[in-house]
Amino acid sequence: MNETTNQEKKTFWEKLLSIDRRIIFLFIAVAISVPLFFKTSLDMPVSPVVQEVYNAIEKLEAGSKVLVSFDYDPGSMPELQPMAESFFRHCFRNNLKVIIMGLWPQGPLQANIALDQVFKDEDIKAKNLQYGIDYVNLGFTAGNEVVIDRMGHDFRESYPADSRGTPLSEIPLMRGVRNYDNIDLILNLSAGYPGTMEWVQYAVDVFHVKLAAGNTAVQAPSMYPYIQTGQLAGVLGGMKGGAEYEIALKRPAKAVSYMFSQAIAHGVICLFIIIGNIAFFSLRKKKTS
Amino acid sequence: MRREVPLILTAIVGITMIIAHFIPPLNILKNLFEDWFFIIAAFAIYLGILNLILVNGDKIYKKQKGWLFGAVVILGFLVITIIGIFFSGGKSFQDPGTPFYYIYMNLYYPLSATMFALLAFFVASASYRAFRARNVEATMLLLAAFILMLGRVPIGEWISAWLPEGYRLGDAADWIMDFPMTAGQKAIMIGIALGVVSSALRVILGLERAYSAGE
Amino acid sequence: MGKTKMVRQSHHHVGKLENSFFISFVLVSLLLSLCLFALRSTLAEEVPTAQGETAIQKDSVPPVPPTNVTAKDIPNDKGGAITVSWERSADDGGGAKNVTGYEILRSTKRDGGYEHIGNSPPGATSFSDNATKDKVLYFYKIRALSSTGTSESEPSAPAFSKRQWFNFSRLSLFILSLIIGSAIFYFIEKAKSGKGVFIRKIAGLEAVDDAVGRATEMGRKIIFIPGIMDMDSMQTIAGVTILGRVAKLVAEYEAKLEVPVCRSLVMVTCREVVKEAYLNAGRPDAYNDDMVYYLTDDQFAYAAALDGLFLRDRPAAVFLQGQFYAESLILAETANSVGAIQIAGTAMPTQLPFFVAACDYTLIGEELFAASAYLSKDPKLLGSLKGQDVGKFIFLLAIFIGAILLTLNSVLGLNLPDLRELFKGI
């Protein structure tokens, strides 16, 4: 059998349709990494769902207590860590008291990393914030939504001591805090389960506490039904949400700088989709003719 | 009895959990069952670790295909466990400054972030393959994807800056998120909730026995 | 290949148990609902009259005391809890006598014997006392604290906690559950009578036979991944149930199956399921415990391990059935790159788009839970799917009517009832 009769040469469009995915990966790698070397200041409007998160924190009086739950791991750090730093900046700037906890084992560690970063800011350094008085890290407790439920009755049921082993009764910040009745706002940073959905179902619905959240871009659309029903004050969705929040805070930081990279990457993906469709239609036209 | 006992236990626990949602005094039982699950799951971790070591150990011993990977798994497991337990210098092993924290920041975090970052590449290749305007529905999906991808980044603002406010790509993306997307999500969630109810009832009634090796 | 299989009938004594269970469940539920409706309207709190005079502590330059202290039983709970509310002191929020906190005092007598039971920060207006004895009268006072002194409120009216045997805030959910549950039971019973139940074709499930056949012909393995969550997730249970059906098919076709799992309990369950499936297929000799093995609990480490497995072993078919998160696209794309046929199924709305884009077939949401019934062709299981549709019909009707009512209210300014109030407890 003659092999050449069985092997028709692939046309340009066929080659384009079956392009090696590594070429696409290469273009994406360049699109994401090169813009990181450029310093740009992007201005973007703050969407209503992000503005609501900003307003929820801004409305609190000095001394109000904010519970921040870190429910993510290093995999989601690029999206959620800038939000965490912005939350801390906003809270400390407004002299709010911060209680940190985590439903994921790595969560409290991520909080420590964010705190280390935020404490380098001159204006935050000047406040001379003290552990146990201005902020506390309760650490991680296993139990997922059961932890959320039990904290509604008494924090000590889930957290008898903080991450350093100090009993809560010996921590000045926690002396007046028994359960959600003594918390003015909950901020949740979530990358999956357990996360914002569980906080809505077990804290907001049962104990009627106010909740705002920061989610990965993939998860944020699932939160919109809760915003519409008023169960969630607002949500920061992905890198864009984080960038909008930094702009609302008038403190552009990592998320804003990463947005340029994301913008170019999205543009490249759209370009590839256009090319793929042109190839698809050209081939189809050729086959029908 | 081997088949009946698990079915009876499942029915009792399942019905109790449902009823406890409506009858507050039964919450004590509900909490008890939840605690029991966490205890069992916690102890079950040892089963998993034992299996991991046995499977990979066997692979190394018999020099099967890929035995080097097995060696890496066991070595990594032992090193991190020993360091975490014995070399924390009196502090909690997760505290900054401990060797475990060093491994977490310099090994675990970059690896985990790298795996997550693969999504960026895979999204591009999956989009290139999947978003073809084959028919009307596929075309609508393609258009929605375009609007959202461009509307969620500053490029959308630049491209559509000439349009009046409220009609730009960002606004279109927000509209898609607020209405069609939310409606679709809610519909899927209703279907899923009903599926869970039906599935749970089948399990509680003992109709669905395959998961417990009953059929 | 591709032929439907006859389903074995369930045992007679289990069928009898289900019959009596069904009838008693429906009767008891109806009776209970009627009683609850009757009870709700007749329940009233008994409030004995209070006795004795109040005693107010006098301090020098004290802050203004809190006022309007009220105490009420926390409704819809198991008892042992009272909520205390008050209006803040006028000195709370600034001034020389700025309140630094509140102490909550409790006594069983109005006149004295108050003990300190808890604290609230400045700005607080309520406190939950979770350590009360049911049917014991309690009086509460709130003491405002400041650097210049303390002052106490007037005692509250007496209150007592009691256990509620039914959480009335969830009544709507209870009734809805009864209706849907009864519908599912009814259609299960109806299906037993032998009448065929129409279920539309689900492409992903029709392709299971082809996928297993393809793997057998190519001499390559089938990899089944039951999600990354534990056995407390319904999606994992659904995935493991599908594994049982797929494993039986694999045993019959004499193909190779591998089930790498993320959780230890899932490993134990999957082993039992696969073993039983091989036994039922008459191939117990072909089963090996090493077919099901544990990798790691960590999400991305699990994804990395599976990617390596796909790239090295190049499976012919990959089943992704269960609860997935961000690793879904990584797994789907890698499996696609090695040319495997992929049948995915998940009830995670966030991951469905990735599976739809990357996999050959996707079971969307409730199709995952229907898969077991669909594959087994058991009339009782198929009947339960029909019962689900009743629930869907109720929701569709409620959405349609509710939307019309809201639109009429908004456009014509009418005051028609808002159906959302009915579903508030859900």
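At what angle do the axes of helix 5 and helix 7 of chain B cross? The model is predicted, and in it these two axes cross at roughly 120° and come within 8 Å. Helix 5 covers residues 136-151 of chain B. Angles over 145 degrees count as roughly antiparallel and 65 to 115 as roughly perpendicular, with oblique covering what is left. Helix 5 and helix 7 of chain B are therefore oblique to each other. Their crossing is left-handed.

Which residues form this contact in helix 5 and helix 7 of chain B? From helix 5 come B:A144, B:I147, B:L148, B:L150 and B:G151. They meet B:L169, B:G170, B:A172, B:A173 and B:I176 of helix 7. Sorted by class, this contact of helix 5 with helix 7 has 8 nonpolar and 2 polar residues, with no charged ones.

Now step back to chain B as a whole. It holds 7 helices and 0 strands. Read along the sequence, the pattern is α-α-α-α-α-α-α. The C-alpha atoms of chain B fill a box of roughly 65 × 50 × 40 Å along the principal axes. Chain B has a radius of gyration of 26 Å, whereas a compact globule of 215 residues would have one near 17 Å.

Next, follow chain B to its contact with chain C. Chain B puts in 50 residues and chain C puts in 63 residues. On the side of chain B, helix 2 (27-61), helix 4 (99-130) and helix 7 (169-205) each supply at least two residues. Which helix of chain B gives the most to this side? Helix 7 does, with 17 residues. By class, the side of chain B that touches chain C has 35 nonpolar, 13 polar and 2 charged residues.

Helix 7 of chain B also packs against a helix of chain C. The partner is helix 10 of chain C, residues 379-412. The two axes come within 9 Å and cross at roughly 145°. Here helix 7 of chain B passes helix 10 of chain C in a right-handed crossing. Helix 7 of chain B brings B:I190, B:G191, B:L194, B:G195, B:S198, B:L201 and B:R202 to the contact. Facing them in helix 10 of chain C are C:L381, C:S384, C:L385, C:G387, C:Q388, C:G391, C:K392 and C:F395. The class count for this contact of helix 7 of chain B with helix 10 of chain C is 6 nonpolar, 7 polar and 2 charged residues.

Chain C has its own domain assignment. It gives domain 1 (67-152) and domain 2 (197-377). How far apart do the C-alpha centres of domain 1 and domain 2 of chain C lie? They are 57 Å apart.

Chain C touches chain A as well. This contact takes 16 residues from chain C and 14 residues from chain A. Strand 4 (115-120) and strand 5 (126-129) of chain C each supply at least two residues of the side that touches chain A. That side of chain C has 7 nonpolar, 9 polar and no charged residues.

Along the principal axes, the C-alpha atoms of chain A fill a box of roughly 85 × 40 × 35 Å. For 289 residues, a compact globule would have a radius of gyration near 19 Å, but chain A has 24 Å.

Helix 3 (residues 21-33) and helix 13 (residues 254-288) of chain A pack with their axes 8 Å apart, at an angle of about 155°. Are these helices roughly parallel or roughly antiparallel to each other? Angles over 145 degrees count as roughly antiparallel. Helix 3 and helix 13 of chain A are therefore roughly antiparallel. Helix 3 of chain A passes helix 13 in a right-handed crossing. A:I24, A:F27, A:I28, A:A31 and A:I32 of helix 3 meet A:S261, A:I264, A:A265, A:V268 and A:F272 of helix 13. By class, this contact of helix 3 with helix 13 of chain A has 9 nonpolar, 1 polar and no charged residues.

Definitions and conventions. Residues numbered from 1 in each chain as written. Chains lettered and ligands numbered in written order. Predicted model: local features only at pLDDT ≥ 70, side-chain atom pairs only at ≥ 80, totals over all residues. Axes fitted to C-alpha atoms, helices over the stretch in contact; angles between N-to-C directions. Helix = DSSP H or I, 4+ residues; strand = E, 2+ residues; numbered from the N terminus. Parallel < 35°, antiparallel > 145°, perpendicular 65-115°, else oblique. Left-handed = near helix turned anticlockwise from the far one by under 90°. Contact = placed C-beta atoms within 7 Å. Nonpolar A, V, L, I, M, F, W, Y, C, P; charged D, E, K, R; others polar. Domains from an automatic or database assignment. Rg over C-alpha atoms; globule rule 2.2 N^0.38 Å.
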